[in-house]
Amino acid sequence: MNKSLHLVIALAAWSLFWQETASQVMDYDGHVYDTVVIGSQVWLKQNLKTTHYRNGLPIPNVSDSLTWASLTSGARCYYANDSATYDSTYGALYNWFAVHDVNEICPEGWHVSSDAEWTAVASFLGGDLTAGGKMKEAGTVHWLPPNIGATNSSGFTGLPGGMRGLASEFGYLNENGLWWCSTQQSSGNGWGRYLWYMFAGIDRNPVPKYVGQSVRCIQDVNTGTGSKKDGPGFDLYPNPAKEQVVIGHAGNSPMDVEIYNSAGQLVIKTTVPGNRTGIDTGSLQPGVYLVRVFGKYWTASQKLIKE
């Protein structure tokens, strides 16, 4: 093999490597994020910074503690209410209502990582007791020493951005990285994951929905039946629909169903048994709607056209 052919092959290999490793994603505001492949998942390498939902609607920046604690809708803030100091490194802190908002907080083709997706990445990295070290940024530039077990061998590059806590106070900067899961734990709590400078593992806890935490987005998986976030998806037919739409799922467990209009308003909320169930759509005005279905361990969404 001559030197010219060697050079061509080397350049082609480098080009492929660059394409695979330098993939970037942009949010509505123009913030650019790097990506990293961990097992079968593709994650953003930085915490979310967006000030808008995917469709351009603003996410309110709420600095007042009393107002923040009473919110039941999506909002963001910054550690110590100081975006100039903390946003570029740690991103924004969001409440769970922003994570769960029908307008979607992650860029197109991405979604907030679910509880099951965090479980999967921890399992791929060796389990809860050791995965955290592989996900934390190494060293003590941002983390307090000793930053036990931190190697960042996964490329996740977890940073200790702290939180806005139970009394709306800020805390744990440089000690903990805390991230929302998209999965609801109870009516008042969502699931959260956190990394700690004194622990090589990763922890899972229920977190009150008004708490401010970081967000990491993960790439969608195309199932052919809608936008898969965590689970097997669901059937939706007929679509377009007139008087009734049928929601189907292979399991037998009950599912919570929410239908939103194009303005983001919740117009139908119900619980249906597993398998196949019809929902009356006769009262809906013609237009495009978003159907969100919540199983016990999964969520998924599809667009519905009402004729």
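## Helix α6 and its packing

In this predicted model, the buried residues of helix α6 pack against helix α5 and against strand β10, which covers residues 189–196. Helix α6 itself spans residues 128–135, and the residues buried in it are A131, G132, G133 and M135.

## D115 in helix α5

Helix α5, one of the elements against which the buried residues of α6 pack, covers residues 115–124 and contains D115. Is D115 buried or exposed? With a relative accessible area of 9%, D115 falls under the 20% limit and is therefore buried.

Which residues does D115 touch once its neighbours within four places in sequence are left aside? The contacts are with C181, T183, W191, R193 and R204. With R204 there is also a polar contact, made between the side chain of D115 and the side chain of R204 at 2.9 Å. S182 lies 67 residues from D115 in sequence, yet the C-alpha atoms of these two residues are 6.8 Å apart in space.

## Two nonpolar cores

The largest nonpolar core has 24 residues, of which L48, Y94, I105, W110, W180 and V215 touch the most other members. Two or more residues of this core come from each of the elements β3 (41–44), α4 (96–99), β6 (110–112) and β9 (176–184), and α4 supplies the largest share, with three residues. I105, one of the residues that touch the most other members, is in contact with L48, T50, H52, Y53, I59, Y94, A98 and V112, when its neighbours within four places in sequence are left aside.

## Strand β17 and its partners

Strand β17, formed by residues 255–260, is mostly covered, with five of its six residues buried. Its pairing with strand β18, residues 266–272, is antiparallel and rests on six bridges; within this pairing, I259 has I268 of β18 as its bridge partner.

β17 also pairs with strand β20, residues 287–294, again in the antiparallel sense, here over five bridges. In this second pairing, Y260 stands opposite L290 of β20.

## The open sheet β15-β16-β19

Three strands, in the order β15-β16-β19, make up an open sheet with antiparallel pairing. Why is one side of β15 and of β19 left without a neighbour in the sheet? β15 (235–237) and β19 (275–280) stand at the edges and each has a single partner strand, so one side of each has no neighbour in the sheet. From one strand to the next, the twist averages 20°.

The antiparallel pairing of β15 with strand β16, residues 244–249, consists of three bridges, and in it L236 has I247 of β16 as its bridge partner.

## A241 in the loop between β15 and β16

The loop between β15 and β16 holds A241, which counts as buried because its relative accessibility is 1%, where the limit is 20%. Beyond its neighbours within four places in sequence, A241 is in contact with T281, L304, I305, K306 and E307. One of these residues, K306, is 65 residues away from A241 in sequence, while the C-alpha to C-alpha distance between A241 and K306 is 5.1 Å.

## The chain as a whole

The secondary structure of the protein chain comes to six helices and 21 strands, and of its 307 residues 49% count as buried. Among the contacts with a separation of 6 or more, 55% are between residues 24 or more positions apart.

## Confidence of the prediction

The pLDDT averages 86 over the protein chain, and 86% of the residues score at least 70. Residues 3–22, however, have a pLDDT below 50, and this stretch has three contacts in the model beyond near neighbours in sequence. Residues 222–231 likewise stay under 50, although the model gives them 26 contacts beyond four places in sequence. Where pLDDT is low, the predicted coordinates should not be read in detail.

Technical notes. Residues are numbered from 1 along each chain as its sequence is written. This is a predicted model: local features need pLDDT of at least 70, side-chain atom pairs count only at pLDDT 80 or more; totals for chains, interfaces and linings use all residues. Side-chain values use heavy atoms; hydrogens and water are left out. A nonpolar core is a set of buried Ala, Val, Leu, Ile, Met, Phe, Trp, Tyr and Cys residues joined through side-chain atoms within 4.5 Å. Buried means under 20% relative accessible area, exposed over 50%, partly exposed in between (1.4 Å probe, protein chains only). Helices (H or I, at least four residues) and strands (E, at least two) are DSSP runs, numbered from the N terminus. Contact means heavy atoms within 4.5 Å. pLDDT is the predictor's confidence in each residue, from 0 to 100. Two strands pair if DSSP finds at least two bridges between them. Axes are lines fitted to C-alpha atoms, for helices over the stretch in contact, and angles run from 0 to 180 degrees between N-to-C directions. A polar contact is a pair of N or O atoms within 3.5 Å; within protein, one must be able to donate a hydrogen and the other to accept it, and residues adjacent in sequence count only if both atoms are side-chain atoms.
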